Amino acid sequence: MNAGAAAPGPHADVLPSLPRDDDGPVFAEPWQAQAFAMAVHLHEQGHFTWTEWAAALSQTIEQMGPAEYYEHWLATLETITTATGLASSDELTERRAAWQRAAESTPHGQPIELGAEQ
Amino acid sequence: MAHDHDHEHAESSELTDIELRVRALESLLTQKGYVDAAALDALVQYHEEKIGPRNGAQVIAKAWTDPTYKEWLLSEPTAAIASVGFEGRQGEDMVVLENTDEVHNMVVCTLCSCYPWPVLGLPPVWYKSAPYRSRAVSEPRSVLSEFGTELDDSIEVRVWDSTAELRYLVLPLRPEGTDDWTEEQLAEIVTRNSMIGTEVVVAP
């Protein structure tokens, strides 16, 4: 699945609500930039077209109702990740729990890394 | 060094639900080889200038032009910064360090990369690097000169180590010749690095 001429990239008008200024997207928190970068990167690797992304995003917005823009974005990323078979929802659930354990066993102020809980 | 070097270690760390979801996706997709950590970093780095430094620049420009705000910013930084609309989600306390003709402040996080992201956005790659984290403390002047910042020997350099609960923002010296500038014009010349303290603000 490659983005052809008819499938605009992430900077096109297909996402008019993307928080942005003249130079591109703006983020309020680091995780938003991470979520943004993952979606763009997966798209660039050909895992989905930007049209597919935009469709999935608008479906998420419809289902979730009002939320912060990047919360919709993150939910869409999870949906598209499982829908394209990149990861299963079980794997995601497990991995979240692993990070939770890692956080709990990491002293405050130190970087949290997977494996720290073991 | 004029600071307490110990990080305050609470019992454990906390990740919000959203951070857990983002980390789960990122670590899983990286492990499976679908995303490349370096490529993600590059994308984020490209946008990092857009994330937060403008927030901090607004705070600095306001302090330069409004003496009452500056006083408030120095005495109650967290509240003064929040009044402009920038707040840490986890309630980190902000400390504002004022540069003067005698003192130049510079911020580091020796243990990890604590960073005042509500005002400065994502930390630049060099801030997170091991060399900066150690050398900022052991040889701050040579680090400064690598940033092109040459300070007079009479100026004391103070290095401040961030903690999970305390984040520092440097209030740089307002450059000479900008007396008739507006707040908006001033905000344009405040750089991210000047608010970390590795550079000074210069008028173009």
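**Salt bridges and a helix contact in the predicted model**

The side chains of B:R158 and B:E156 meet in a salt bridge, at 3.0 Å from N to O; a salt bridge is a side-chain nitrogen of Lys or Arg within 4 Å of a carboxyl oxygen of Asp or Glu. B:R158 is partly exposed at 27% relative accessibility, and B:E156 is partly exposed as well, with a relative accessible area of 36%. Here buried means under 20% relative accessible area, exposed over 50%, and partly exposed in between (1.4 Å probe, protein chains only). Over all chains, the structure holds 7 salt bridges.

The model is predicted, so that local features need pLDDT of at least 70 and side-chain atom pairs count only at pLDDT 80 or more, whereas totals for chains, interfaces and linings use all residues. Residues are numbered from 1 along each chain as its sequence is written, chains are lettered from A and ligands numbered from 1 in the order in which they are written, and side-chain values use heavy atoms, with hydrogens and water left out.

A salt bridge also joins B:E146 to B:R135, with the closest N and O atoms 2.7 Å apart. B:E146 lies in helix α9 (residues 140-146) of chain B and B:R135 in helix α8 (residues 130-138) of chain B, so the pair ties together parts that are 11 residues apart in sequence. Helices (H or I, at least four residues) and strands (E, at least two) are DSSP runs, numbered from the N terminus. B:E146 is exposed, at 57% relative accessible area, while B:R135 is partly exposed at 23%.

Between the chains, A:E78 forms a salt bridge with B:R21, and the closest N and O atoms are 2.8 Å apart. The pair runs from helix α3 of chain A to helix α1 (residues 17-31) of chain B. A:E78 counts as buried at 12% relative accessibility, and B:R21 is buried at 16%. A network of salt bridges links A:E78, A:R96 and B:R21.

Within chain A, the axes of helix α2 (residues 50-64) and helix α3 (residues 69-83) come within 9 Å and cross at roughly 115 degrees. Axes are lines fitted to C-alpha atoms, for helices over the stretch in contact, and angles run from 0 to 180 degrees between N-to-C directions. Residues of α2(A), including A:W50, A:W53 and A:L57, meet residues of α3(A), among them A:Y69, A:W73 and A:I80, where contact means heavy atoms within 4.5 Å. By class, this contact has 11 nonpolar, 3 polar and 2 charged residues. Ala, Val, Leu, Ile, Met, Phe, Trp, Tyr, Cys and Pro count as nonpolar, Asp, Glu, Lys and Arg as charged, and the others, Gly among them, as polar.
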